[in-house]
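User: Hi! Could you walk me through this model while I have it open on my screen?

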Amino acid sequence: MAGLTAAALAVVGFLAYQASANAPDSVAVPKPKVSSSAPAADHDKPKEKKKSPPALPAGSGTGKRVVYALKDRQVWLVDEAGKVTRTFEVMPSALNPRPGTYQVGAPRQGPPTKGSDGVTIEHVVRFAMVDGVSVGFSAAVDGSMESPDPSLKTGGVRMSRADGDAMWEFAIVRTPVVVVP
């Protein structure tokens, strides 16, 4: 009887080994997690690749200005000395102005209002007209930067709220806005 028990244990052990060797990762034994109280080592953290923003486009003017690159979806705020004080990504509007130089128009609108797409926005800085629609920079109060509905004629170039605050402080009436391809 002892021999029969030993043989049965050997067969069970062999079958258990085969099962664990062929198990998919989804049912494999989980690896131990690092305790939340212990600091994770730097090598355990995924490396973020932070791409640097594109350089200020050549030929985008001189002096204080806002530079808006359509293709790069990027804006630069440039001071009187020609130094970039801030740069950030934006979500272009459904209607884009042609490359050229425009000016921030009046009236600027600071308090929250409804954009042409129905989103509540703030810090509206208008600078162009396209097909009878005002085009301007704005920030959605909820922080969203969704792609505009191409079926709507919207002119809101969206940015984060922090970037909207910076744009609002920087781009006063008559500030040049240089749009590049």
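Analyst: Happy to. Let's begin with a strand pairing: Thr101 has Val178 of strand 9 as its bridge partner. Strands here are DSSP E runs of at least two residues, and helices are H or I runs of at least four, numbered from the N terminus. This is a predicted model, where local features need pLDDT of at least 70, side-chain atom pairs count only at pLDDT 80 or more, and totals for chains, interfaces and linings use all residues. Residues are numbered from 1 along each chain as its sequence is written, and side-chain values use heavy atoms, with hydrogens and water left out.

User: How many bridges join strand 4 to strand 9, and do they run parallel or antiparallel?

Analyst: Four bridges, and the two strands run antiparallel. Strands count as paired if DSSP finds at least two bridges between them.

User: What's the strand order in the open sheet?

Analyst: The order is 3-2-1-9-4, five strands with mixed pairing. Strand 3 (84–89) and strand 4 (100–103) are the edges, each pairing on one side only.

User: Switching topic: which strands does helix 2 lie across?

Analyst: Helix 2 (residues 161–170) lies across strand 1, strand 2 (74–78) and strand 3, at about 140° to strand 3. That angle is between N-to-C directions, on a scale from 0 to 180 degrees, with axes fitted to C-alpha atoms, for helices over the stretch in contact (heavy atoms within 4.5 Å).

User: And which residues of helix 2 are buried?

Analyst: Asp163, Gly164, Ala166, Met167, Trp168 and Phe170. Buried means under 20% relative accessible area, with a 1.4 Å probe and protein chains only.

User: What does Met167 touch?

Analyst: Beyond neighbours within four places in sequence, Met167 contacts Val66, Val75, Leu77, Phe88, Val125, Phe137 and Met159. Met167 is also one of the residues touching the most other members of the largest nonpolar core, which has 26 residues. Such a core is a set of buried Ala, Val, Leu, Ile, Met, Phe, Trp, Tyr and Cys residues joined through side-chain atoms within 4.5 Å.

User: Where is Ser60, and is it buried or exposed?

Analyst: Ser60 is in the loop between helix 1 (2–21) and strand 1 (65–69). Ser60 counts as buried because its relative accessible area is 3%. Its contacts, not counting residues up to four places away, are Arg65, Val67 and Val178.

User: What's the average pLDDT for the chain?

Analyst: It averages 79, and 72% of the residues score at least 70; pLDDT is the predictor's confidence in each residue, from 0 to 100. Over residues 4–43 the pLDDT is below 50, and that stretch has two contacts in the model beyond near neighbours in sequence.

Terms used: Buried means under 20% relative accessible area, exposed over 50%, partly exposed in between (1.4 Å probe, protein chains only).
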